[in-house]
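Trainee: I would like to go through the ring contacts and one of the helices with you, setting each label against its criterion. Could we begin once the structure is in view?

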Amino acid sequence: MNLKDLKILTFLIFTFTMLYFYVLALLEQLYLGFIMIIPLTTLLIYQYATRKKIKLKQFIIKKPKMAPLLLSIIIPIVLGLLVHLFFFTINQGHFLFENPIKLLFLVLIGLTASTGSALLEEIVWRGFYHNSLRKIYTFKKTAIIVAVIWSIWHLPIALFYKEYTNLFIGTLSYLLILFFTSCLLSYLREWSDSVLPAAFFHGLMNVFYFSDGIHILLSKHMTDLIKFLIFSLVLITTLLLGKIHKTIKK
């Protein structure tokens, strides 16, 4: 698929997504689960309409390298626990769980149902889009393009469903988390040469980080701002440690 086709596909994905939100508003429903299948459904419809052959290999579903796969599981859980610990320490409530049993349940849901639903989305963004754009651009440019598209695609959720008391701070924090998450997803996809680590990371982030939490006393926009700051701190620390490690090796 060439760049023109990708632009048309992106336009169609955004259009169908807005129509879905419009229908939800008319029905006064809050169920957002079906949004995750809109990109894949749109892609399949477009390829069928333009008589382009649908190939499974375009989705990059194959056995990944072990290191990125393990990191895709560990990082979201650690991020979630850091946020949980922060809120618990400052006496602002529980973010993830009130007892260890609930934590095990969250891990199970994250590794199964949540990852499965995320896979349906990832085979389009980090699978089809990433693969198509990498034939034209560098990895860095590809990651940024996909991150911008993916973040903006989530914008209606921030505007209409997050219920921020400060819309600007909440929306900006939410979109920045999404942008940097997408960059990490693209890195895992590139490193592993498979979309599966991205699906695990995405699914576990939905459970451990993107959720609004339980019994949080802070407003939602402050909650997402804190999550963005913790995410940024972990990301910057990781990058600095990586540079230090490379310097020592030299």
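Mentor: Let us start with a cut-off: a residue is called buried when its relative accessible area is under 20%, exposed when that area is over 50%, and partly exposed in between. Please keep in mind throughout that this is a predicted model.

Trainee: Why is Tyr161 called buried?

Mentor: The relative accessible area of Tyr161 is 17%, and because buried means under 20%, Tyr161 is buried. Phe21, with a relative accessible area of 5%, is buried by the same criterion.

Trainee: How many aromatic pairs does the structure hold?

Mentor: There are 11 aromatic pairs in the structure.

Trainee: Why is the pair of Phe180 and Phe228 called stacked?

Mentor: Their ring centres are 6.5 Å apart, which is the limit for a pair, and their planes are at 20°, which is under 30 degrees, so the pair is stacked. Phe180 lies in helix H7 and Phe228 in helix H9 (residues 220-249), so the pair ties together parts that are 48 residues apart in sequence.

Trainee: Are Phe180 and Phe228 buried or partly exposed?

Mentor: Phe180 has a relative accessible area of 28%, which falls between 20% and 50%, so Phe180 is partly exposed; Phe228, at 14%, is under 20% and therefore counts as buried.

Trainee: Where does the charged end of Arg126 sit?

Mentor: The charged end of Arg126 is found over the ring of Trp150, 4.6 Å from the centre of that ring.

Trainee: Which elements do the buried residues of H2 pack against?

Mentor: Helix H2 covers residues 38-49, and its buried residues, among them Leu40, Leu43 and Tyr46, pack against H1, helix H4 (100-134) and helix H5 (139-153).

Conventions. Residues are numbered from 1 along each chain as its sequence is written. This is a predicted model: local features need pLDDT of at least 70, side-chain atom pairs count only at pLDDT 80 or more; totals for chains, interfaces and linings use all residues. Side-chain values use heavy atoms; hydrogens and water are left out. Rings of Phe, Tyr and Trp (its six-membered ring) pair if their centres lie within 6.5 Å; planes under 30 degrees apart count as stacked, over 60 as edge-to-face and the rest as tilted. Buried means under 20% relative accessible area, exposed over 50%, partly exposed in between (1.4 Å probe, protein chains only). Helices (H or I, at least four residues) and strands (E, at least two) are DSSP runs, numbered from the N terminus. A charge sits over a ring if NZ of Lys or CZ of Arg is within 6 Å of the ring centre and within 35 degrees of the ring normal. The expected span of a helix is 1.5 Å times one less than its number of residues. Contact means heavy atoms within 4.5 Å.
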